[in-house]
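Please look over the model below. My notes follow as numbered points.

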Amino acid sequence: MTMMIVICSFVPQFLISFFSGVWADKYNRKTLIILADGGIALATLALIVYMMAGYTSVAALLFIAAIRSVGAGIQMPAVNAIIPQIVPGEKLVKVNGINGSLQSIVNLATPAVAGAIMIYGEIYNLMMIDVITAIIGISILLLISIPKHKRAETPVKTGYLADIKEGFTYSMHHPFLKPLFIIYAFFTILCVPASFLNVLMVTQVFGGDYLYLTLNEMTFFVGMLIGGLIIGTWGGFKNRVKTMWVGLFSFGALTIGFGLTDTLWIYLILMGLVGLTMPFANSPIMSMIQEKVEPDKQGRVFSLMQILFSSLMPLAMLFFGPLADYVPVQTIVVYCGIGIVIVSIAVLFNKKFYRQGLFEAKTGNEFEEKKEEVLE
C-alpha cells in the first residue's frame with residue numbers, strides 16, 4: 001500500500017510535466033496556479049465528504065492522491081516561471097533562499113501539527129487544513145496584480161508536441177542549461193542515499209530509537225532553514241555558479257563525514273550542516289534559470305527539470321534501495337559523497353560555464369516593461 005501511494009503521488013506528476021510546461025508558457029500562469037491549487041483542494045474536499053459519510057476505500061485514497069499529483073505537476077512550473085515576472089533579476093537568489101526557508105519551516109511544523117490534530121480527531125480533520133490553506137492562498141494570489149507574460153498575451157497556435165520539442169531542443173542547445181542539467185542530473189542521483197536512506201543508516205548504526213529518527217529529520221530541516229535565511233539575507237557570491245559550487249562541494253564533503261562517523265552527536269551536527277548547504281546549491285540554480293531563460297520558455301524548462309527529478313529520483317531509489325540490503329548504507333553514502341565532490345570539481349574546470357554565473361542586468365526585460373503597469 002505504501003508503494004502504491006508513492007506511485008500515485010509521483011507518476012501522474014511526472015506524466016503531466018510533459019504538458020504543464022507548455023501550458024505555463026502558453027497561458028496565464030496566475031490562472032494556472034489558482035486552477036491547480038483549487039483543483040487539489042476540491043479533490044481533497046471530495047475525499048473528506050466521502051469519509052465523513054462513513055465510507056473507507058483505499059482505491060478512493062489512491063485516486064485522490066493521483067489527482068493531487070496532477071495538480072502539483074501543473075502548479076510547480078507555473079510557480080517557478082511566474083517569480084521572475086514580479087521579482088527583479090538581482091533579487092532572485094535572495095527570494096529563492098527565503099522561499100526555501102519557508103518550505104523548511106513548513107517541513108518542521110507539519111509533523112507536530114499533524115500529530116496534535118490526529119490525537120484529538122479523525123484524519124479528515126487534518127485534510128481540511130489543506131482545503132482551508134488553499135482558500136487562503138488563492139485569496140491572497142487574487143489580490144496580487146501580475147501581468148500576463150508576452151506569449152500569453154498573444155496566443156500562438158502551435159501543437160503540444162511541437163512546443164515540447166522546442167523546449168527540449170532549446171534546453172539541450174543552450175550554452176548554460178545543457179551543462180547545468182547534466183550537473184543537476186548527477187547530483188539528483190548521487191544525493192539519494194544521503195537524503196532518503198539516512199533513516200535506514202541511523203537504524204543500522206545508532207539503533208531504531210524514535211528519538212534518534214526524529215532528531216535526524218529535525219536537524220536536516222533546521223539546517224535548511226538556517227541556510228535559506230543566510231542566502232535570503234546575504235544573496236550569495238556575485239558569481240552564482242560559485243555559490244552553487246560551494247553548496248555542491250560542501251554537501252559531498254559533509255556526506256562523506258557523516259557516512260564515516262559512528263558517534264550520534266557528530267552525525268547530527270553533520271546532518272544539520274548538510275541541510276544548510278542545500279539552499280546554497282538549489283537557490284542559485286533556480287535563480288540562474290529564471291534570469292537566463294527567455295520568459296516564454298521558462299515553463300517548459302522548469303517542467304523539464306521536474307521530469308528529470310521525478311524520473312531520476314525513483315530510478316536511483318530502485319538501485320540504491322536493494323543495494324542497501326547487501327552493502328552497508330554508510331559505504332554507499334561515502335562513495336556517493338565522493339561522487340558529488342568530483343561533480344563539484346568538474347564545475348570549476350568548465351570555465352565557460354563558471355563565468356556565466358555572473359549576474360547580467362537585462363535592459364528592457366519583462367519585469368522592467370511591466371513594472372509601471374503593476375504599480376498603476
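1. Residues 301-320 are 100% helix and 0% strand, with end C-alpha atoms 28 Å apart. Helices here are DSSP runs of H or I with at least four residues, strands are E runs of at least two, and both are numbered from the N terminus. The UniProt annotation "transmembrane region", from an unreviewed entry, includes this span and residues 126-144. Such annotations may be inferred rather than shown by experiment.

2. This is a predicted model: local features need pLDDT of at least 70, side-chain atom pairs count only at pLDDT 80 or more, and totals for chains, interfaces and linings use all residues. Numbering starts from 1 along each chain as its sequence is written, and side-chain values use heavy atoms, without hydrogens and water.

3. Residues 126-144 are 95% helix and 0% strand. Their end C-alpha atoms lie 28 Å apart.

4. Arg300 sits in helix H14 (residues 298-323). Is Arg300 buried or exposed? Arg300 is buried, at 6% relative accessible area. Buried means under 20%, exposed over 50%, and partly exposed in between, with a 1.4 Å probe and protein chains only.

5. The Arg300 side chain makes a polar contact with the side chain of Asp25, at 2.7 Å. A polar atom of that Arg300 side chain also lies 3.1 Å from the backbone oxygen of Asp163. A polar contact is an N or O pair within 3.5 Å; within protein, one atom must be able to donate a hydrogen and the other to accept it, and residues adjacent in sequence count only if both atoms are side-chain atoms.

6. Beyond neighbours within four places in sequence, Arg300 has contacts (heavy atoms within 4.5 Å) that include Gly21, Val22, Arg151 and Glu166.
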